[in-house]
Amino acid sequence: METFIFNHPLLSDKLTRLRDRRTGPHEFRQLVEQVTVLMLYEAARHLPRTLRRVETPLSPATCQVLAGDAPVLVPVLRAGLAMLAPLQAQLPESPVGHLGLERDHGTLQPRVYLSKLPEKLAGRPTWLLDPMLATGGSAGAALSAVKASGADNLSLLSIIAAPEGISRLRREHPDVRLFVGAVDEKLNDCGYIVPGLGDAGDRLYGTS
Ligand code: PRP
Ligand code: URA
């Protein structure tokens, strides 16, 4: 599994503010959006390009533009929704699929409660968005769901990951590209990432 782990002062600074328990929902959402834009910079490096001829005020020039279909964006509800708007701002042509998954607090098994995906995913870059990769159960189920709909060019953007989740995805979905803002120490007994940032959905939407 191709894995890109960000090591960048600006992203680290924002992650620290996300982790801080005193950061409230409004600032938390803003930080998730800002981190997502920084992650987009690397994720988009793999998009195909082609050449276009333009006239600048000074001369003709042969310049690069994005080629092919815009990536399909698939936020994993709830928390992944917060990563959608900043990507749509940069990739306005991208179709959006929605996957609703909820992790059972006891078994830690994900339950799919919504799946609304665009047609014709085969051959098209498809980016799954979920800020937290803990046991990897949810991401694994989400990746299986989009593969079942034909997706075969997959990336996952996660802001914080546990080593356990990365290992699981390496075993179950070695074909996927993974972009993570930070890899933390471990999971605790309840399946939370340590040090992590707590429950991303609750912190985004003020439900804890
Ligand atoms: C969180 C998070 C991931 C999942 C990660 O969602 O957004 O989807 O947990 O945990 P895992 O890797 O162990 O599966 P949660 O199930 O809490 O739902 P929510 O976003 O609606 O709060
Ligand atoms: N989901 C979260 O939101 N946070 C974790 O640490 C683990 C799963």
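Modeller: Let us begin with a definition: Ala, Val, Leu, Ile, Met, Phe, Trp, Tyr, Cys and Pro count as nonpolar, Asp, Glu, Lys and Arg as charged, and the others, Gly among them, as polar. Please keep in mind that this is a predicted model.

Colleague: Which element gives the most to the shell around ligand 1?

Modeller: At least two residues of this shell come from each of β5 (98–103), β8 (132–133) and α4 (137–148). The element that gives the most, with 3 residues, is β5.

Colleague: At what distance does a polar side-chain atom of R103 lie from an oxygen atom of ligand 1?

Modeller: A polar contact requires a pair of N or O atoms within 3.5 Å. R103 is also one of the residues that come nearest to ligand 1. Its polar side-chain atom lies from an oxygen atom of ligand 1 at a distance of 2.7 Å.

Colleague: What is the distance between a polar backbone atom of G136 and an oxygen atom of ligand 1?

Modeller: The backbone takes part as well: a backbone N or O atom of A79 is 3.2 Å from an oxygen atom of ligand 1. For the polar backbone atom of G136, the distance to an oxygen atom of the ligand is 2.9 Å.

Colleague: What share of the accessible area of ligand 1 does the protein cover?

Modeller: On its own, ligand 1 has 500 Å² of accessible area. Ligand 1 sits in the largest pocket. The share of its area that the protein covers is 93%.

Colleague: Where does ligand 2 sit?

Modeller: The residues around ligand 2 include R103, M132, Y192 and D199. By class, its shell divides into 5 nonpolar, 2 polar and 2 charged residues. Ligand 2 sits in the largest pocket.

Colleague: Which residue has a polar backbone atom 2.8 Å from a nitrogen atom of ligand 2?

Modeller: Backbone N or O atoms of I193 and of A200 each lie 2.8 Å from an oxygen atom of ligand 2. For a nitrogen atom of ligand 2, the residue with a polar backbone atom at 2.8 Å is G198.

Colleague: How much of the area that ligand 2 exposes when taken alone does the protein bury?

Modeller: Taken alone, ligand 2 exposes 240 Å². Of that area, the protein buries 88%.

Key:
Residues are numbered from 1 along each chain as its sequence is written. Chains are lettered from A and ligands numbered from 1 in the order in which they are written. This is a predicted model: local features need pLDDT of at least 70, side-chain atom pairs count only at pLDDT 80 or more; totals for chains, interfaces and linings use all residues. Side-chain values use heavy atoms; hydrogens and water are left out. A residue is near a molecule or strand if one of its heavy atoms lies within 4 Å of it. A polar contact is a pair of N or O atoms within 3.5 Å; within protein, one must be able to donate a hydrogen and the other to accept it, and residues adjacent in sequence count only if both atoms are side-chain atoms. Accessible areas come from the Shrake-Rupley method with a 1.4 Å probe; for residues, only the protein chains shown count as cover. On a 1 Å grid over the protein atoms alone, a cavity is a set of points where a 1.4 Å probe fits but cannot get out, and a pocket is an open set with protein on both sides within 12 Å along at least five of seven lines; lining residues have an atom within 4 Å of a point. A molecule sits in a cavity or pocket if more than half of its atoms lie within 2 Å of its grid points. Helices (H or I, at least four residues) and strands (E, at least two) are DSSP runs, numbered from the N terminus.
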